[in-house]
Amino acid sequence: LNGTCYKTTDRYDIGALDCQTCDTGANKTISNDGQYCTCASGFIQDSSVPDLLAFNCLNCLSSGQASTQDRSRCMFCDNSTSYLDTSVGDCVCRSENYVLVETDQAGNWLANKTCIPCPTNTRVLSSDSYTCAYCAHPRASMGADGSCSCESGYTQAGDDWCVLSTLANSILGTYTITEAAQIEFRNIVP
């Protein structure tokens, strides 16, 4: 699960080569990469305690605010959001297919968390309210579940490609799927 640890509350300490538990009672959780503890959503790391292992998490929710993604500060939700969801510790956008933002395009913090519309042909996934996802191929569109499917006249080839159906049928008429092989080259020296 997390590195080589099996509990969702454990992180893999690469220095000790051992699993260490994050103190969930102190509002800590495992980082996405499984290598360190971080504050849970709705909490921020107390900057007055510089120790990366023995830090405290401060509650943003008690003052009606949400934590930033990096857990460095608390922010209010502006009126483009519908409410602060205390169960997830974050703001919720009022409209479908709007994404949460905390910074402007230059990376400066906004006064409040706000919601902006995703560009055309992109969608906010339920797993990440901060990202507008898109399909890699221009002939694919994204469904409500986040999966990409090719438009009419095209056949999906792999995860990210749409091929003209006439070409796909020609290839599949000559070669069967069982004859297909995937070759991965590593450490190629020029």
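Reader: Which residues lie nearest the centre of the largest pocket?
Author: D90, S127, D128, S129 and Y130 lie nearest the centre. They are among the 34 residues that line the largest pocket. Keep in mind that this is a predicted model.

Reader: How much space lies in the largest pocket?
Author: About 810 Å³.

Reader: And what sort of residues are in the lining, nonpolar, polar or charged?
Author: The lining divides into 14 nonpolar residues, 13 polar ones and seven charged ones.

Reader: Which strands supply at least two residues of that lining each?
Author: β3 (28–30), β4 (37–39), β10 (90–93), β11 (98–103), β13 (122–125) and β14 (128–134). The largest share, four residues, comes from β10.

Reader: Let's stay with β13. How does β13 run relative to β14, and how many bridges join them?
Author: The two strands run antiparallel, with four bridges between them. A hairpin of two residues takes the chain from β13 to β14.

Reader: What stands opposite L125?
Author: D128, in β14. D128 is also one of the residues nearest the centre of the largest pocket.

Reader: Which residues are on the covered face of β13?
Author: T122 and V124 are on the covered face, while R123 and L125 are on the uncovered one.

Reader: Is T122 buried or exposed?
Author: T122 counts as buried, because its relative accessibility is 14% and the cut-off for buried is under 20%.

Reader: What does T122 touch?
Author: Leaving out residues up to four places away in sequence, T122 touches N97, C132, A133 and Y134. The side chain of T122 also reaches the backbone oxygen of P119, at 2.5 Å.

Reader: New topic. Where is Q65 found?
Author: Q65 is in the loop between β6 (57–59) and β7 (66–67).

Reader: A loop residue, then. Buried or exposed?
Author: Buried, because Q65 has a relative accessibility of 14%.

Reader: What does Q65 touch?
Author: Residues up to four places away in sequence aside, Q65 touches C60, C74, M75, F76 and L84. With M75 there is a polar atom of the Q65 side chain 3.5 Å from the backbone nitrogen of M75.

Reader: How many residues apart in sequence are Q65 and L84?
Author: They are 19 residues apart in sequence, and their C-alpha atoms are 7.3 Å apart in space.

How values were computed. Residues are numbered from 1 along each chain as its sequence is written. This is a predicted model: local features need pLDDT of at least 70, side-chain atom pairs count only at pLDDT 80 or more; totals for chains, interfaces and linings use all residues. Side-chain values use heavy atoms; hydrogens and water are left out. On a 1 Å grid over the protein atoms alone, a cavity is a set of points where a 1.4 Å probe fits but cannot get out, and a pocket is an open set with protein on both sides within 12 Å along at least five of seven lines; lining residues have an atom within 4 Å of a point. Grid points are joined across faces, edges and corners, and a volume is the space filled by probe spheres set on the points. Ala, Val, Leu, Ile, Met, Phe, Trp, Tyr, Cys and Pro count as nonpolar, Asp, Glu, Lys and Arg as charged, and the others, Gly among them, as polar. Buried means under 20% relative accessible area, exposed over 50%, partly exposed in between (1.4 Å probe, protein chains only). Two strands pair if DSSP finds at least two bridges between them. A polar contact is a pair of N or O atoms within 3.5 Å; within protein, one must be able to donate a hydrogen and the other to accept it, and residues adjacent in sequence count only if both atoms are side-chain atoms. Contact means heavy atoms within 4.5 Å.
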